[in-house]
Structures are given as C-alpha cells and as structure tokens.
Amino acid sequence: MAVLRIQFASEQLYHDGKLLHHPLVEGFLQLEACTRNLTGDDSTIPQVQYATVTRLIQRTEHSMICQALLDGTVEVVLKLGLSPSSRARIQVEGDHYEARLKRFWGSVVPICYGLYEGPVKRPSGLCNGISCIMLEYAGEPLENFVSLPREDKRAIMTMLGQLHSVSVQPQKFAARNVVQKNGAYRLIRFHDPTLHNCNFNGDFEWDEPCSGRLGCSELETAGVNMVAWDPEDIGIYLDAHGISTEDDCGDKEREIHMLVQRVTGLGY
Ligand SMILES: [Zn+2]
C-alpha cells in the first residue's frame, strides 16, 4: 500500500491557535493511497512519497488546501478534508477526476496524482478520518475575467464546453474556477459540480450575437458573464432581455462586465 507522508512547518499545523488534532508519524502526517489508484498503474508509484508543504492556501476548521513539493521535484496542491462533509467533497472530486475528467488531465484540468485517506487514531482512541486529493499545481486562480484578451476568454469557454461534453458543469462558474500558470489555463474546483445533460452543439458562434442557439443556457450565461462575445453583441443580448447597457460613457467592455456583475451577482 503506497503511503503519502506530508511534512508541515510547525506553525502550519495550527488554526485559530488550535493544533491539527491528528497525530504525526515521525513528524509527518501519514496517509494511505486509496485502493483504487487514480493513475491506473500502481507499479510506477513509490511505496512512500514525501510532500513538503511550502504554503497554506486555505485553512479552516474543516479543510486545508496547501501547495507542496512532492519528492522534492513536483509542485502539487493538496486538498485535505478534515470533517465528514469536507471528506465527502474530496471523495466526490476524486470520483470526477478518475472518471469523467481523466481524459482532460494536464490539458483542461490539472493532473490528479492520487487520492489518499486515513483514519488516524487520536490520543483519545477515537478515529478521525482525513481524505486528501493530490493535484498538479497549475497556477493561481484568476481574480476576474475583465483584463483577459478576448481570445483567452474564448479559450477558457472552449475548455468549459469540453467539460460540458462529459456532463460536468461547475456550479456558478467564475474566475475562481480558472487557474493560470505560464500562460496555460486549467479549470478547477470539482467538489460540487452538477451533472447535466448538455445539448451544446459544439459551436460558440463567436462571430454572431449570442442568442440562445448554443443549446446550453448555462454555457451561454458563462460566456455572457465573461464577455466572451463582442461587447456590442452582448449589449444586444442584454437589451433583448430588457437590461439597459447604459452605454453613454466609459470603456464598453469593462462597462458590460460591471453591468453583468450587477445583474448576476457573480464575483469576477
Ligand atoms: Zn451544457
């Protein structure tokens, strides 16, 4: 059984002054690979792998996301579920990476290096499980879509369309779902995607005003929110839905972004 040993700096183990309540083995948080191996080839996985946490990205009472260096060479992200609900989300994400998303590893979504879990015995004798998914570090999330070139917005929409083609639809798709590293984009956050029957016809019709012909209203909404079509065409779309574009001042594209943000309430 392959083992993942995670090494934290001592201060990274604290949250709100409380120590991570899972005992360490020789200074490491030790987890075992799930019996089903996400890479599909056990023989290539060392029996013991070491991940050194370099940065805490997010830490709550129930979960932890960190950046780490795997075996001193590979930059990875570790998502740890510490509570039952958080563990369930990690399991859901692992299931999606293993099944529907596998064909997109390293192109549309990060490579998934494995799913790990413990239970770990606490000093009290009780077991408090941990689930962990280890992903390729594919960069930092975008803060917004406003400053992206139009062709990048369309490339991201094309990637999103590929996910829809396998029925995966991230909920409330927004900039936080997109990471970027060295100019390459990847889509992330699959712990709560909805599965939907997509009727997208495969053609975004970038040279046409968006008008409900795509066959998938969710994709169309994501494209409008991102202003992936020409702002003039977005204006026509919004006008058709009874929304004023207030186009008497300012940069048209930024103005449309702000208008869409006000209308949808989505963060960028
Ligand atoms: Zn769809």
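In the predicted model, L187 is in contact with a set of residues beyond its neighbours within four places in sequence, namely Y97, V108, V109, P110, I156, M159, L160, L163, F173, N177 and V178. L187 and I156 touch the most other members of the largest nonpolar core, which comprises 45 residues. At least two residues of this core are supplied by each of α1 (84-98), β8 (112-118), β9 (130-136), α2, β13 (184-187), α3 and α4 (231-240). Helix α2 provides the largest share, five residues. Because domain 1 (3-136) and domain 2 (140-264) both give residues to this core, it lies between them. A second, separate core contains 22 residues, including I6, L31, L80 and I130.

The zinc ion has as its protein donors H164 (ND1), H196 (NE2), C198 (SG) and C216 (SG), at 2.0 to 2.5 Å. The angles among the four donor atoms run from 81 to 126 degrees, and the site is irregular. The donor residues follow the spacing H-x31-H-x1-C-x17-C in sequence. H164 lies in helix α2 (residues 150-165), whereas C198 lies in the loop between β14 (194-195) and α3 (217-226); the pair therefore ties together parts that are 34 residues apart in sequence. Both H164 and C198 are buried.

Zero disulfides are present in the structure. For C132, the closest cysteine sulfur is that of C66, at 7.6 Å; because a disulfide requires sulfur atoms within 2.5 Å, this separation is too far for a bond. C132 has a relative accessibility of 0% and therefore counts as buried.

Technical notes
Residues are numbered from 1 along each chain as its sequence is written. This is a predicted model: local features need pLDDT of at least 70, side-chain atom pairs count only at pLDDT 80 or more; totals for chains, interfaces and linings use all residues. Side-chain values use heavy atoms; hydrogens and water are left out. Donors are N, O and S atoms within 2.8 Å of the metal (3.2 Å for Na, K and Ca); water is not among the atoms, so sites may look incomplete. Four donors count as tetrahedral if all angles lie between 85 and 135 degrees; four count as square planar and six as octahedral if opposite donors are over 155 degrees apart and all others between 65 and 115; anything else is irregular. Helices (H or I, at least four residues) and strands (E, at least two) are DSSP runs, numbered from the N terminus. Buried means under 20% relative accessible area, exposed over 50%, partly exposed in between (1.4 Å probe, protein chains only). A nonpolar core is a set of buried Ala, Val, Leu, Ile, Met, Phe, Trp, Tyr and Cys residues joined through side-chain atoms within 4.5 Å. Domain bounds come from an automatic or database domain assignment. Contact means heavy atoms within 4.5 Å.
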